Amino acid sequence: MTPKEALQTYYGYKDFRPLQAEIIDSVLAGRDTLALMPTGGGKSICFQIPAIVRSGLCLVISPLIALMKDQVENLRQRGIQAAAIYSGMRLDKQRIALDNCQFGPYRCLYVSPERLQNEDFCRRLTQLPITLIAVDEAHCISEWGYDFRPSYLKIAEIRDTIRSSCIVHCQPSTDAVPILALTATATPDVVEDIQHRLAFRQPNVLKKSFARTNLSYVVRYCRDMSDKIAQLQHILSSVQGSAIVYVRNRKRAEELAELLHTSFYHAGLSAEERARRQEAWKNCHPSPLSPLNSKLSPINSQLSPINSQLSTINSQLSTIVCTNAFGMGIDKPDVRLVIHFDLPDTLEQYFQEAGRAGRDEQPAYAVLLYAPEDKTKARKRVHDNYPPKEFIESVYHKTCDFLCVGAGSGLGHSFALHLDELIRVMHLPLLQTYSALHILSQAGYIDFEDEQETQPRVRLEVSAAELQRYTLSVDQYNLLQLLMRQYPGIFTDLQYLHEEITESLHTQLSDLAARHIITYLPRTKAARFTFVKERQTDIWLSPEVYEKRAQHYTDKLQSMIEYAENTRFCRSQLLLSYFGENDAPCCGSCDICRAQR
């Protein structure tokens with residue numbers, strides 16, 4: 001089957017979008033490829049089609065569980081076998097997924113980059129018929145790019161890990177397994193860094209212009225916070241359709257959602273609740289725009305209303321207030337409006353989040369609300385993200401004390417770290433402490449992973465003989481017998497439970513724990529803190545880790561401020577030149593172009 005035949009058979013499209021065919025041909029020729037395409041440009045097809053037309057399995061490395069689940073479900077609906085492995089997934093289901101990929105006709109296996117740090121998982125990779133490695137959101141591998149994630153640095157090692165897989169499946173060498181890296185946000189420096197970090201055999205960049213001709217960029221200047229809220233309400237009532245409102249922190253997301261009578265989304269919610277809210281928003285499809293929108297007329301200097309205000313019920317579903325934990329890879333094409341209530345850190349972040357509007361190529365709007373106080377707050381972020389070195393060293397020692405790890409010990413030990421408890425006990429400020437832990441991770445002293453949901457664990461505190469002295473219900477007795485059969489080490493160590501924890505099972509386990517028959521640790525959210533070196537007495541931060549990164553962050557923040565304060569140049573031109581496109585024409589639809597016209 002040819003790539004074009006696969007496209008028609010499984011996706012129903014007659015032809016590829018611009019650049020898709022070139023990327024697919026490059027991958028099928030075995031070349032390492034970096035694909036630069038705008039948000040909504042159809043990046044996923046670039047690795048899904050090669051996975052269909054060639055034998056073997058495509059290992060897809062993706063940063064978000066929501067994105068994995070969404071793409072796996074879409075593939076299955078098209079008759080393409082795919083699987084995903086993610087945190088919080090039961091171990092037995094993980095084993096089934098890997099068995100299916102090894103023995104069944106599976107085409108894609110989605111995993112998070114953090115999964116590559118698991119030695120057992122990497123050993124299992126050698127048994128899988130991997131013929132392509134796809135790296136989504138590849139900008140995360142660059143230390144100089146937006147949303148750097150240290151776990152991405154492990155990806156280049158995968159080629160060595162799957163060497164035996166290549167031999168088993170008649171590939172001449174590990175070099176026969178190409179890497180396809182994909183991103184919608186990369187400056188020229190980041191483009192070079194991605195290829196270096198992924199150990200490309202030869203430079204190979206295929207790029208489609210990042211220009212979004214249907215997206216109108218607007219900055220609305222506000223006097224103060226009250227004016228921001230008023231303009232936010234006015235814009236949401238003036239532009240009909242689905243909307244995303246981005247804010248910087250969880251508290252503001254909740255406050256604005258309450259004010260707007262709509263939903264909010266942030267990482268503090270449980271995985272189940274996040275999924276529920278995301279699905280409710282995705283499945284809401286408000287009425288289409290009026291014909292006037294074809295001329296990009298709704299947002300002028302006064303943002304004049306063109307539609308009547310949405311009904312309360314529709315508004316609650318069609319607008320979501322969220323932090324940057326929301327949106328990456330969400331396949332909702334009919335988003336008409338993305339509003340940034342707070343100033344983002346970088347133009348990369350702004351460009352990617354704004355690009356979630358108008359993926360159906362119909363007119364859409366990206367609006368930034370900017371007030372004088374935003375500039376002051378932005379300057380403070382430099383201190384929050386790069387606190388003094390003395391403070392960073394203090395956080396290191398206080399965290400070690402909190403975890404009861406003495407000098408010269410701890411090497412290789414990993415802990416679930418509850419940040420709220422750490423800052424409460426050790427009297428530390430939250431934002432600076434969070435930043436200090438990430439800097440220590442970049443400096444190589446620790447490995448610090450953001451909060452993730454942990455599986456529930458149980459340990460039996462009494463012997464089987466002693467259980468006879470307790471008065472137990474039939475259900476409790478049967479549950480304990482089941483636990484003893486399935487988990488032989490349950491008397492000595494906490495065991496991760498494979499069973500789905502229903503409300504009834506949670507109640508039973510909690511009751512047994514209250515009677516001190518078991519120790520029960522429910523599913524919880526915690527950061528992961530691992531000692532890469534034994535506890536040190538002194539901490540040294542090199543200029544590469546601290547001063548250069550701080551200056552780089554400051555420069556990016558300044559570029560964001562200059563974009564917000566710009567009153568002379570086309571906003572689309574400014575954004576595209578930042579990403580290396582210096583010959584882009586004026587868009588004619590941003591607030592600057594409209595004012596000049």
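Leucine 109 touches Leu57, Cys58, Leu59, Val60, Ala83, Ala84, Ile85, Leu98, Cys101 and Leu128, with residues up to four places away in sequence not counted; contact here means heavy atoms within 4.5 Å. This is a predicted model, in which local features need pLDDT of at least 70 and side-chain atom pairs count only at pLDDT 80 or more, while totals for chains, interfaces and linings use all residues. Residues are numbered from 1 along each chain as its sequence is written, and side-chain values use heavy atoms, with hydrogens and water left out.

Leu109 and Tyr217 have the most contacts inside the largest nonpolar core, which has 137 residues. Such a core is a set of buried Ala, Val, Leu, Ile, Met, Phe, Trp, Tyr and Cys residues joined through side-chain atoms within 4.5 Å, where buried means under 20% relative accessible area (1.4 Å probe, protein chains only). Helix α21 (residues 547-565) gives the largest share of this core, seven residues. Helices (H or I, at least four residues) and strands (E, at least two) are DSSP runs, numbered from the N terminus.

I turn to the sheet. Seven strands form an open sheet with parallel pairing, in the order β3-β4-β2-β5-β6-β1-β7; two strands pair if DSSP finds at least two bridges between them. β3 (82-85) and β7 (205-207) each have a single partner strand, so one side of each lacks a neighbour in the sheet. Four parallel bridges join β3 to β4 (residues 108-111), and leucine 109 in β4 is the bridge partner of alanine 83.

Definitions and conventions: Buried means under 20% relative accessible area, exposed over 50%, partly exposed in between (1.4 Å probe, protein chains only).
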